[in-house]
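Visitor: Please take a close look at one part of this model, the backbone of its loops, and then go on to the packing around it.

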Amino acid sequence: MNVIPLFVAIPLAAAFFIPMVSQKFRWVPDLLGNLTAFALLVMAVSVIGKKDVYIMGGWAPPIGINLVLDGLSVLMLITISLVGFTATLFSIRYMEQYTSKLRYYSLFLLMMGGMNGVALSGDMFNIFVFLEIASVASYALVGFGCEHEELEASFKYLVLGSVASTLILLGVAVIYGSLGSLNMAHVSRLIVEQGMNKALYFSLTLLVMGFSLKAALVPFHAWLPDAHPSAPAPISAMLSGVLIKVLGVYALLRISFNVFGMSPLLANILIWLGTISMVVGGLLALGQWDYKRLLAYSSISQVGYVVLAVGIGGAVVSRGDSMTVAGLAIGGGLFHLINHAAFKSLLFLSSGAIVYSTGTRDLRKMGGLKDRMPLTSGAANIGAFSISGIPPFNGFWSKLVIIIAAVQARYYWLALTAVLISVITLAYYLKLQRHAFFGPASENNRDVREVPLSMCIPMVLLAVLCVGMGLLLLPGPRAEILQPAVDALTMGMKYATVILGR
Amino acid sequence: MDLMLYPIVLPIAVGLLCLAMPRRVKGIVERTALIVSITIFGLTVFLFSQKPLHWMWDANRFLRLDNLSGFVLLAVGLFGFLIVLYSIVFMRDKIYSNIYYAYLLCTIGIASGIVLANDLVLLAVFWGLSGLTLYLMIGIAGAGASAAAKKALVIVGGADSLMILGIAIVWFLMGSFTIDRISLPVVGLLPVIAFLCLAIAAFAKVGAMPFHSWIPETAEKSSIAVTAFLPASLDKLLGIYLLARITMDLFIMDKTLGLLLMIVGSLTIVAAVMMALVQNDLKRLLGYLVVAGAGYMVLGLGTGTPAGIAGGLFYLLNSAIWTACLFLSAGAVEDRANTTDLERLGGWGPVMPITFVVCLVSGLAISGIPPFNGFVSKWMIYQGLIELGRGGDGLWFVWLVAAMFGSALTLACIIRLIHATFLGQVARMPDEVRDANSEVSPSMWLPMIVLAGLCVVFGVFAYAVPLKHLIIPAVPGVSYLGFWSPGLATLLIVVGVLAGVVIYFVGRASNVKESEAFIGGELLREGMRVSGVDFYRTIRDFGLFGNAYKGAERSLFDIYDLGGRFLFYFVQGLRRIHSGILPTYLSWMLVGFTVLLFVFMG
């Protein structure tokens, strides 16, 4: 039996099954949620290195629907399920503070199913459908606490997100109107044969904007600093760790490299969006005193890094320069993407642990937590060192690759900007460490205790990943995980031939 | 495993092991640290005797020990051992000592890695790691030091990012990461940027201006053993090692960049010494002297003449010795007096004779008084400058004056320091200290005596021992302009001192009038105390200096604070437009969409 459809089917089925279970057994949702997430993780690990196309119901594309598993999708699936699993584990105790765990897990799994669907889907319309599933679930989860602030954030997110979704739908419709097909491989082939026209450019504009909003690239970022901090911590981890990357970055890269084809113009747009996000997000994070808000702005900045690096790779591809340099830039970007998933979800989980113990998100009211919460602070410090690019943690390696690639591609000023922003990143994460963990202990925190073990385990797990993920750059693991993902993008319009098989 | 890997792997492995140890086994951790550090020191001596060495991996020369890295490695081993020895007693009462030894050992391993690395990426990794351990070790002193730790890592770690950029450019131009295969002329924009990036990394590490501001702060706030080990000795060694490596090996220098180095060096010397002059805290004062020392080395390397470079490197070795020694004696004083405020110190000389003598010797050494090592190394730097002048450089005189001026002011600082701490009127001492024999324990004064002894030996036998075996092999083509014969000079100095003693006693036999001590024409009354802290206060009354000091107090010369203020301006602006109003956000989207549409369709 083919495992590919199960990535979508299992979480969706579990999402609908959980609310039907009787409320009498309170541990049932925890168990089911965690089991599903764990199963997805096992499945994701099992498909490493595989490439496959699954055709729904035997209807061959371009007429039927297909799911595509290639290097990039595998990378996404692993990231989603890994962060998803740690988040559900963390939720067991953390979500006790909220009312309905049934609904929580149900929404959570809907979101996961939607993201898996986006990562696997081989046609434009299904990307939209899965994107909407994940988005709608995330709107609800952001407002899950039902307090004033959370509902407001959720509403803003809903409005801005819906605008983006609508634009994406319009973009999909325009593609269908002008090419008569929605299968991505087929569309790609048609574009190679017929060339771009005004309608397709219009559609590309709509899609780039829609996905940029989902990826929270400046100036489409405004929803994120409200939504990510307001959500419950494990949801913040999911949103910052994977949602913006799958719905935004992944979809953006897929359509720009494989469907429409990289052009210098498109590459420049990506580079600009990435650079502006990197700078603006970094500067805004510097001024924050709210632990989670700081992390949220930092997400904007870090996603900017990813898009910038991949954009540089795209520019090299489109001008037909050395594929090694392009591979280096894209590889650096994708590596940073998974690294960011690890350390940002770690940091958001740690914010949850701190809120759980101290009841505050304000850095000025924390202090001295190093001794009170040794595990949390140890893990969070590793996360902060990673994201600031300090060796031997994973962020250092992706930073290194991105800077080297930018210089190789002759984008010296961008390399310099990336370096300067990394100094700013270091500054605000050291500020966070100093005020939360190392600085003088605050009066309020005298009775603070470490969080329960089931909340520590996911953080420690992610911290271990942050330490070890640098090993992915070694030749063996790189050929298994990163290189197939890079190849999926650098092959560009050959995507059509690979998928359609002709 | 190759022997060259041991100084890197062994301390790091043991250090990580110590990190996992529970607090109960503190004694074992201390002993392990001591044994490992002795082993590493022995190993570095052995490796030094075997040089040149290299270690290949996958056809790349990853590690290399040549004449330059040889003596730096030796110094790393020596300082590691001495600091561990000193810490055994100094850190005894502090609960964090397990972590402290873990970090200390890791730092030794990382420093060996930097010195041995022959691959730029490897160098960058170790460089970043050393910044991390610096941060962690400063932070060990507790909550009070967390701000200083943050500042140190922002500056050092930020410079590390620039270093990566420099390395990326070098790779782009040369296609290689292997240091001994690279030789890049500094001509054109890219090589200059690459050079500046790497030089800034070195500047931040040694604290050359304008990247100096973390050092005085660290010296004041963090534990003295940490300061003596890291900013005062190890970071100096590593930073100047990198600077020497890039100026001598990696890049083919040109005149302008040498000029830049000399400007940075002279500015650092003069400004840091001026700041040291008015400090009221023993540790902070020494911190500024550390910064000034960095200036001499940068100046020496900037001359580009063999004598100047050799002088800079010799100064590096010597300054690591004397600043570590000064900090360790300051630590001994702090251990007894529980304060480092010069105002509240005084009269500790008779109570702590060993510390006093050691501090005096290293103080005279740093001021460049013959026959100590400071004189020889400064003399060599001056020679380098004069040689530069003969080569047709018109500005050599400026640098020479700056260096000599700095030297004189350093002596002034040291006199004030010695007076306020060890001489002068007796300050209030803790009761249990005053009566007993208050010298610190042998494991604390032993490292101090070793270092002070080195100050003397490296001065008196400068040409016979350190220069011949350590420095000259590392710098090709050194010739001496003026030969200074330290042995004879020492003899003359000793004879002169003896003669003075004889005259003193003979003169005393005849008529000497003694009276009560008085100050400003008035006899001292009971309870009145003049600490000697205000020796040079009048310097603030000069218009130019006064303004400079006021600026420094408002940290106008601090790149960290300035950068913070500059960015704050942008941050405030950006925060103001993030008003949280939905229609505003929607309008941004619209603007973004319009721009995209224009770009794609236009």
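Guide: A residue is called buried if 20 or more other C-beta atoms, placed from the backbone, lie within 10 Å of its own, exposed if 12 or fewer do, and partly exposed in between. The model is predicted, so local features need pLDDT of at least 70 and side-chain atom pairs pLDDT 80 or more, while totals for chains, interfaces and linings use all residues. Residues are numbered from 1 along each chain as its sequence is written, and chains are lettered from A and ligands numbered from 1 in the order in which they are written.

Start with Arg410(A), which has a positive phi of about 65° although it is not a glycine. Arg410(A) sits in the loop that links helix H16 (394-408) to helix H17 (412-438) of chain A; helices here are DSSP runs (H or I, at least four residues) numbered from the N terminus. With 16 other C-beta atoms within 10 Å, Arg410(A) is partly exposed.

Ala216(A) is another non-glycine residue with a positive phi, here about 60°. Ala216(A) is buried, with 29 other C-beta atoms within 10 Å. Its place is the loop between H8 and H9 of chain A. Pro219(A) also belongs to the loop between helix H8 (198-214) and helix H9 (224-230) of chain A. The peptide bond leading from Val218(A) into Pro219(A) is cis, with omega near 5°.

Chain B also has a cis peptide bond, which joins Met209(B) and Pro210(B) with omega about 0°. Pro210(B) lies in the loop between helix H7 (189-206) and helix H8 (214-221) of chain B.

Pro29(A) counts as buried, with 24 C-beta neighbours inside 10 Å. Leaving out residues up to four places away in sequence, Pro29(A) touches Ile18(A), Val21(A), Lys101(A), Leu102(A) and Tyr105(A); contact requires C-beta atoms within 7 Å. Pro29(A) and Ile175(A) are 146 residues apart in sequence, and their C-alpha atoms are 42 Å apart in space.

Next, the helix packing. Helix H5 (residues 124-142) and helix H10 (residues 233-259) of chain A have axes 12 Å apart and pack at an angle of about 155°, where axes are lines fitted to C-alpha atoms over the stretch in contact and angles run from 0 to 180 degrees between N-to-C directions. That makes H5(A) roughly antiparallel to H10(A), a label for angles over 145 degrees.

Last, the two chains. In the contact between them, 40 residues of chain B meet 49 residues of chain A. On the chain B side, the elements that give two or more residues are helix H5 (120-139), helix H6 (146-174), helix H21 (559-577) and helix H22 (582-601). H6(B) gives the most, with 15 residues. The side of chain B that touches chain A has 29 nonpolar, 9 polar and 2 charged residues.

Conventions
Angles under 35 degrees count as roughly parallel, over 145 as roughly antiparallel, 65 to 115 as roughly perpendicular and the rest as oblique. Two residues are in contact if their C-beta atoms, placed from the backbone, lie within 7 Å. Ala, Val, Leu, Ile, Met, Phe, Trp, Tyr, Cys and Pro count as nonpolar, Asp, Glu, Lys and Arg as charged, and the others, Gly among them, as polar.
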